[in-house]
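Reader: I'd like a close look at one part of this model, the place where the two chains come together. Could you walk me through it?

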There are 2 protein chains.
Amino acid sequence: MADAPATDPAQAAAAAAASPSNNPSPPTGDNGGDAGGEKQSKKGAKKAEAKAKKEAEKARKAAEREAAEAARKAAGGAAGGEDLAKDNYGDPNHTTKVEAERVHLRDLGEEHVGKSVKVRGWVQNSRMQGAKMCFVELREERNWAVQGVITASAEGKPVSRPMVKWVGALPLESFVLVEATVQKPLEPVKSCKVSLYELHITKCYLVARGPEVLGLGLAAANRAISSFDDEEHPAPAASAAAAAAAAADGTTAVEAAREGVEGVTLDGVPAASMITHLNNPVMHKRAPVQQAIADVRMATRKLFAEYLDSQGFVQFEPPCLIGAASEGGANVFVLPYFDKTACLAQSPQFYKQIEIAGGRKRVYCIGPVFRAENSNTPRHMTEFTGLDLEMEIEDDYHEVQDMLEKTLLYIFRGLAERCAEQIETIRAVYPSEDFLLPEPGKEVRLTFAEGQRLLREEGPEEFRNVSDFEDMSTPQEKALGALIRAKYNTDFYVLDKFPEEARPFYALEDPADPRVTNAYDFFMRGQEILSGGQRIHDPALLEARIRKKGIDPNSPGIKEYIDVFRSAGVPPHGGGGIGLDRVVAWFLNLPSVHLTSYYPRTPKRLLP
Amino acid sequence: MADAPATDPAQAAAAAAASPSNNPSPPTGDNGGDAGGEKQSKKGAKKAEAKAKKEAEKARKAAEREAAEAARKAAGGAAGGEDLAKDNYGDPNHTTKVEAERVHLRDLGEEHVGKSVKVRGWVQNSRMQGAKMCFVELREERNWAVQGVITASAEGKPVSRPMVKWVGALPLESFVLVEATVQKPLEPVKSCKVSLYELHITKCYLVARGPEVLGLGLAAANRAISSFDDEEHPAPAASAAAAAAAAADGTTAVEAAREGVEGVTLDGVPAASMITHLNNPVMHKRAPVQQAIADVRMATRKLFAEYLDSQGFVQFEPPCLIGAASEGGANVFVLPYFDKTACLAQSPQFYKQIEIAGGRKRVYCIGPVFRAENSNTPRHMTEFTGLDLEMEIEDDYHEVQDMLEKTLLYIFRGLAERCAEQIETIRAVYPSEDFLLPEPGKEVRLTFAEGQRLLREEGPEEFRNVSDFEDMSTPQEKALGALIRAKYNTDFYVLDKFPEEARPFYALEDPADPRVTNAYDFFMRGQEILSGGQRIHDPALLEARIRKKGIDPNSPGIKEYIDVFRSAGVPPHGGGGIGLDRVVAWFLNLPSVHLTSYYPRTPKRLLP
């Protein structure tokens, strides 16, 4: 262990005193290389890109020559032309090992101070301070970054001037392996999440080189996206052009890329647009805000499964490929399947019901569902993740509603608890107020008719005539959400007893009033996130309602569906389907579900 | 609670003495209604089916009349023509509630003896014993069934003779709500999993009526399936015909369906064929063996996630819809996607790598993958579930191999522990020997070349000339599996250093010997279940290997893939993909992966 030199605490304190954490102006947070650039034609951008690449390569070579020169000079003053630190950096074949204790940034603590540690991470920012010292921010995951300091010693080892210069010239987002001594800065380092410790670098090896010019810099990637109009433009190249222009006046492309490109827009496309991000998927995903959203998404999935597991549910897997469109012919993707035609499942509805008919008491599933809907809105994607459950009803259909409500409350409370750190990271980019939950025991459940009455009596002028038996529009839903928030102090509520006409053929009509159904929607901040209710389990009743809806009970898919209930006695049951993307987006008050998806799919977007 | 009469222990003992658990011949395990029938043409079968339905309906009506008649007679001896038990059974509108304590069969214990309980379940078997008594097996989930006894009392309440007769005439697989007193039989009830308790029924309401004739009886559904040749014949109807024939000689269709149809085969299709099962999905799924397999499958998924969560992995969701075939054009499903063409993902390979490039250290995903392969074998499906992981490599590619090996060992040990009951249920139908695991610390890892040498030196004659640089065939793999089992006493092992030619373009060649790769397969009982290895993270190296494989590095999908590694420094990484269906099938030694899938998809099968 620890072949690094032991650190004299006095010396360390002196180094810390020189650190920029004590400087009122820390390194600019701008990681450069933004997808900005001058206004120009696409053809021009391509040419400029090629030129920029050439210039960048030239600049890199010049920097290398200069570093070698500096090395020669520095070594001249030390030990006969030799760089005494030469084994402590570089390594293009990255086969060198570091023997010090491997520490993850989030685990750095008092016990490490003064010790030599091994760290791996991305160069997220760096700044030369004269010829002998360089500050380099290293990031491990999400926003876990630490300030590294590298200082050439008088005797040229373990760190020489050429080594400092080499580190300072590493392209941003290069991946490095570092040996360093942990020290405490005099004041917390404001620019890094790990603010109480600093790494005094003794070895630094390049594991994977970043590009000379980033398509999208980290700071830009971490800014709020405001444009979600996803026309697939070619990958932005203008930043390279801007860099080339800068390089022409003597600065290197790397340096140019770090400066002055923020706020510059591409031809008609704002810099903070989803297109730029999706055309630069790696940097989009490295942005702390995106990793934090991903963490919240996955916590939501886990909390859903965790709660249902505790309630005696079993998970199952519905198919994606199905023989016939399960819920009507519109909006379904169709594909050739050997000598047949297949569809992509629009929901696991039928399969959840087959599981219940097949003898499972309570089931859930988590998986992709598909809608061939040409909707380019912040609420729609063609592939999204459904959180679905289905269960036997013993006495009353509200058993299912209770279960769904408890599941969502468990998720919301769990997210606030487990993802506090991530939520903070997200709010720094997408500000939001706390998601208001009802007090326990005071959950808000209105009937659809009560909701409409509220709209008629207290809503905006244009909703004075809404009907109890016609489905709500999105603007109606949002207006009602605002009324309910004002009245009940909650962003989460249920509308029950939806009109018969607004529900699909498998929804059970209310035996007491067939104009409405035993079915409901759940809302978050005035937007629907769940549809559920009791299903028809009696085959004769089911067939009658299918006919009433104008569907042929012998049509493909439908006949097999009714047969399920004819083939053996099936108990009463109900369930619901939750859109995972929407839950995450509206919980965090994000501007679009596209931000919550790992690889959003829209009518215009199939890449990456 | 308990509006049921308190039970006199002496009386209960007398009832128990009369129970068939003391009878050397318990009710036959045959639940009738099998998909058997006489040899006949399809057209004939349809006619016969229609006739059978008519006959069955006639028989049901006759039974109802008879029951009403009996009720009249019984009541005559009691209270002026009235059935004193009439509120304790029936209920076509199933709105009646039972107030007794709700107990699940698996929780039945000594504390319930002598108490009144509420139970819900399926009538899995019933047998009249004279006119006053009936035995009825109630099943709740999987093979959790209990023996119910219903006996008419002299005074006609709480149970009357018409009530007993009504219960005895319930079609099999009807769903009922029951109030009963828990009693201990004198001897354990051999035919039921709950063998130490018996339910003395005081109320019985029909919640959902089963069909007069089952398309597939429970006993048949629970037999081993031997034929997996899935030609989609029409749904079997011959059992109905057989029932009709029986009905003609005076027995009811229900009784006929319970007898004499086992072993009868349809026109050319053996009864225990996958087709019969998949055409009767509800009864296929009610078979205890299928629910036990589903439990093992889901436990495998959970164990996979659980272990990786504990190792610092984060889950993510790759897309199913992609813009270009990720791993070559063959075997890919293609579909129209608005003004574009989309493919269904053949694996999450690229997306796992984008996650690593995007800054996550360790990722896994669980989801559907698709292969448009016209293979009708027990190892193939067109849609299956992949368990995939990818992680940074710090020092050595064996870090990934270790992680995969530990993950699988955790799964195997976890299954043996958590699913002991299910494994027992499965083995009663599909016998198997324990899956042999290597002793801890003695995991078997051979190089591909060592495996081939073993085959050459100790394998069958035909493998005397196998090459170290050519991929193995399935028969070779199986022969090697047998050799390794004999030599190392394990069914689980790894072959490392696969030949370069046998691996895709993203596999890293061994820097010490480019004829082989840093890639491996894992095997269970001589069959491959996992492919994995180190990937190329250097864009120049990746482009070179892509060219070497004869692929154009600028072709759609490939260019975007290489760009991932060009767009920012990506650390070394590796991973593997596990076929969930295969792990479950080979762990249990099942004859086909189709048995492990909830809704198997093959070139001939898209339903249900």
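How many residue pairs are in polar contact across the interface of chain A and chain B, counting those with both at pLDDT 80 or more?

Author: Happy to, and keep in mind that this is a predicted model. The rule finds 62 residue pairs in polar contact across the interface of chain A and chain B, with both partners at pLDDT 80 or more.

Now for the overall extent. The area buried between the two chains is about 7600 Å², and carbon and sulfur atoms give 55% of that. If you want names, A:Glu317, A:Phe338 and A:Leu606 supply 10% of the area that chain A buries against chain B, more than any other three residues.

How do the two copies sit relative to each other? Chain A superposes on chain B by a rotation of 180 degrees with 0.0 Å of shift along the axis, and the RMSD is 0.0 Å. The two copies are therefore related as by a two-fold rotation axis. To find that axis from chain A, look for A:Leu335: its C-alpha is the one in chain A nearest the axis, 2.4 Å from it. The contact surface fits this picture too: 100% of the interface residues of chain A are also interface residues in chain B, so the copies meet through the same surface.

While you have the backbone up, there are a few local details to check. Most residues other than glycine have a negative phi, and most peptide bonds are trans. A:Asn489 has a positive phi of about 60 degrees without being a glycine, and it lies in the loop between helix 14 (474–488) and strand 15 (492–496) of chain A. In chain B, phi of B:Asn489 is likewise positive, near 60 degrees. On the peptide-bond side, the link from A:Lys157 to A:Pro158 is cis, with omega near 0 degrees. A:Pro158 is in the loop between strand 5 (144–151) and helix 3 (161–168) of chain A.

How values were computed: Residues are numbered from 1 along each chain as its sequence is written. Chains are lettered from A and ligands numbered from 1 in the order in which they are written. This is a predicted model: local features need pLDDT of at least 70, side-chain atom pairs count only at pLDDT 80 or more; totals for chains, interfaces and linings use all residues. Side-chain values use heavy atoms; hydrogens and water are left out. Copies are superposed by least squares on the C-alpha atoms of residues with pLDDT of at least 70 in both. Contact means heavy atoms within 4.5 Å. Helices (H or I, at least four residues) and strands (E, at least two) are DSSP runs, numbered from the N terminus. Buried area is the accessible area (1.4 Å probe) that two parts lose on being put together, summed over both. A polar contact is a pair of N or O atoms within 3.5 Å; within protein, one must be able to donate a hydrogen and the other to accept it, and residues adjacent in sequence count only if both atoms are side-chain atoms.
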